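Hi everyone, thanks for making time this morning. Please have a look at the model on the screen, and then I'll walk you through it.

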Amino acid sequence: MVSDNSVGSMKDFLFRYRAFKPYNIQALAEGKLFFSTPSEFNDPFDSVVYVDQQKLYGSIEYALRANLDSYLDIKHINPKGKALKKVLALSDKSVFDLPQSSELIQGFMEHVHNTSNKFKQQINANSKVVCFSEDYLSPLMWAHYADNHKGFALGYAKSNLLTAPIYNEIGEKIGNKMILDRVNYAKTTPDSGQLFYDIFPEIMKEKAIHDTSKFYKQVLYNKTSEWCYVKEWRLCSVQDTLETNNPARYMLVEPCMMFLGAKMPSQNRETMVKIAREKEMPVFEVWANDKEAEFKLNFCLIYPKQYD
């Protein structure tokens, strides 16, 4: 049980702000958290895979010119694969003598460009995310994500989020791994070029990319600093390979506590407390304190206490 004077313990929880809408109430009643994809996020820069193409081209071109075989490991490239002709065309020539503008080099660089774009699309399409905040008393968060303080917020234990079962669209349990971490805020997005440089030889061998966590971490856990007030954490469902479609739709996990917005109508409060009572979950009321000079939201326990 979390009491209204045990704020220090809140560091073990993450919070999800919701509007009082039928689909949110149903998800709460069923103990479901639904995953989103980056295309559904409200920031067009969110989860953008940035690659400094000129820097990437330069790095790969230098590797080709310096030591084609050791970088691409030609003997292990699939002899029936589409990449073979491009690589053998280069290996049959003196790469050191090829001008930068040569048709062979330009053709290979175009292949690099197309491949990096393909992986950008795969990373975004296969990214399944649930977003949280570490702050449960943020006036901005209550305004922006909880219907102008008329909604609610749910607190989840970090340990429960990492062990919760995941299900696909038709309710079959799947075994995806999870990443839970803070979002980093910065003025610029990180360059993913080095990641593509490192995996490009594996792509040329037409092998599946299995070390996916660093891609998800770099793409999904960096945002522009204007969003720092969110104090966001993200739970990401991770596939074994980047090429495989991610079927994750929702996870089953019960919240540990509930907060009711300062402007929630009384009828909606009764509904929320009823759900909390069925789940044996404490409910806190958030309110604006007009007895202090500081603009600050406070909270107090109302169940089990006020509604007993």
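Let me start with a definition: a residue is buried under 20% relative accessible area, exposed over 50%, and partly exposed in between, with a 1.4 Å probe and protein chains only. Now the ground rules: this is a predicted model, where local features need pLDDT of at least 70, side-chain atom pairs count only at pLDDT 80 or more, and totals for chains, interfaces and linings use all residues. Residues are numbered from 1 along each chain as its sequence is written, and side-chain values use heavy atoms, with hydrogens and water left out.

First, the overview. The chain has nine helices and 14 strands; these are DSSP runs numbered from the N terminus, helices being H or I with at least four residues and strands being E with at least two. There are 308 residues in the chain, and 49% of them count as buried. If we call heavy atoms within 4.5 Å a contact, then of the contacts between residues at least 6 apart in sequence, 79% join residues at least 24 apart. Phe13 sits in strand β1, residues 13-18, and is buried at 12% relative accessible area.

Now for a helix. As a reminder, an α-helix has 3.6 residues a turn, so residues three or four places apart point the same way.

On to the salt bridges. By the rule used here, a side-chain nitrogen of Lys or Arg lies within 4 Å of a carboxyl oxygen of Asp or Glu, and the count comes to 13. Take Lys231 and Asp135, whose closest N and O atoms are 3.8 Å apart. This pair links distant parts of the chain, 96 residues apart: Lys231 is in the loop between β9 (222-224) and β10 (232-238), and Asp135 is in the loop between β3 (128-133) and α5 (139-145). Lys231 is partly exposed at 39% relative accessibility, whereas Asp135 is buried at 18%.

Another pair is Lys279 with Glu254, where the closest N and O atoms are 2.8 Å apart. Here Lys279 belongs to helix α9, residues 266-279, and Glu254 to the loop between β11 (250-252) and β12 (257-260), 25 residues away, so the pair also links distant parts of the chain. Both are partly exposed: Lys279 at 23% relative accessibility, and Glu254 at 38%. Salt bridges with shared partners also join Asp46, Lys223, Glu232 and Arg234 into one network.

What about disulfides? With a cut-off of 2.5 Å between a pair of cysteine sulfur atoms, the search of the whole structure finds zero. For Cys131, the nearest cysteine sulfur is that of Cys236, 9.9 Å away. Cys131 is partly exposed at 22% relative accessibility.

Last stop: Phe45, in the loop between β2 (32-34) and α2 (53-72). Phe45 is exposed, at 63% relative accessible area.
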